Amino acid sequence: MAFIDWNDNFLIGIRECDIQHKKLVNMFNALHEAIRLNIEKKAIEEALYSLVKYFDEHFKLEEELMEKGGYPEVEEHKEEHKNFKEKLNNMLQSYQEKGNITLREMLKFFKNWWINHILIMDKKYGIFLKK
Ligand code: FEO
């Protein structure tokens with residue numbers, strides 16, 4: 001069983017975003033597998049930083065689409081992305097500098113946040129932009 005099993009409930013109906021969401025799930029699963037197999041730390045960290053970078057790319061695309069489409073809750077959505085990135089950066093700092101958070105804990109936080117976010121906030125703008 002994968003760390004996150006993709007299912008069509010995650011689809012929001014905006015093609016570019018659905019493609020990116022699927023890629024994020026694949027990246028989550030690859031990172032989780034790398035941690036589970038305990039492969040070289042450097043390779044795990046590279047996968048982690050690629051995931052973090054891809055989150056930025058994804059948020060940027062969503063925010064542009066919401067702005068372009070006149071989505072009325074774009075500011076709340078952007079705020080949610082910003083808060084997530086702040087938490088993420090704090091966690092990365094704790095991991096790198098203090099070592100008081102594990103990769104597994106970080107991944108669990110990513111997963112919970114992401115599933116909740118896609119099913120509520122992303123679905124909402126998807127419905128609006130499809131109109
Ligand atoms: Fe798909 Fe708002 O992140």
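## Helix packing in a predicted model

View 1. Helix α1 (residues 15-36) packs on α2 at an angle of about 165 degrees, and the two axes lie 10 Å apart. Angles over 145 degrees count as roughly antiparallel, so α1 is roughly antiparallel to α2. Their crossing is left-handed.

**View 2. Residues at the contact of α1 with α2.** From α1 come E16, C17, Q20, H21, K23, L24, M27, F28, L31, A34 and I35. They meet I44, A47, L48, S50, L51, Y54, F55, E57, H58, L61, E62 and L65 of α2. By class, the contact holds 15 nonpolar, four polar and four charged residues.

**View 3. Helices α2 and α4.** Helix α2 (residues 41-68) packs with helix α4 (residues 103-130) at about 15 degrees, with axes 13 Å apart. The pair is therefore roughly parallel. The crossing of α2 with α4 is left-handed. On the α2 side, the contact uses I44, L48, L51, V52, F55, H58, F59, E62, L65 and M66. L103, M106, F110, W113, W114, H117, D122, Y125 and L129 contribute from α4. This contact of α2 with α4 counts 15 nonpolar, two polar and two charged residues.

**View 4. Helix α3 and its buried residues.** Helix α3 (residues 74-98) has 25 residues. From first C-alpha to last it reaches 35 Å, close to the 36 Å expected at 1.5 Å a residue. V74, H77, H81, F84, L88, M91, L92, S94 and Y95 are its buried residues. These buried residues pack against α2 and α4. Just after α3, G99 takes a positive phi of about 65 degrees.

Note on methods
Residues are numbered from 1 along each chain as its sequence is written. This is a predicted model: local features need pLDDT of at least 70, side-chain atom pairs count only at pLDDT 80 or more; totals for chains, interfaces and linings use all residues. Side-chain values use heavy atoms; hydrogens and water are left out. Axes are lines fitted to C-alpha atoms, for helices over the stretch in contact, and angles run from 0 to 180 degrees between N-to-C directions. Helices (H or I, at least four residues) and strands (E, at least two) are DSSP runs, numbered from the N terminus. Angles under 35 degrees count as roughly parallel, over 145 as roughly antiparallel, 65 to 115 as roughly perpendicular and the rest as oblique. A crossing is left-handed if the near helix is turned anticlockwise from the far one by less than a right angle, and right-handed if clockwise. Contact means heavy atoms within 4.5 Å. Ala, Val, Leu, Ile, Met, Phe, Trp, Tyr, Cys and Pro count as nonpolar, Asp, Glu, Lys and Arg as charged, and the others, Gly among them, as polar. The expected span of a helix is 1.5 Å times one less than its number of residues. Buried means under 20% relative accessible area, exposed over 50%, partly exposed in between (1.4 Å probe, protein chains only).
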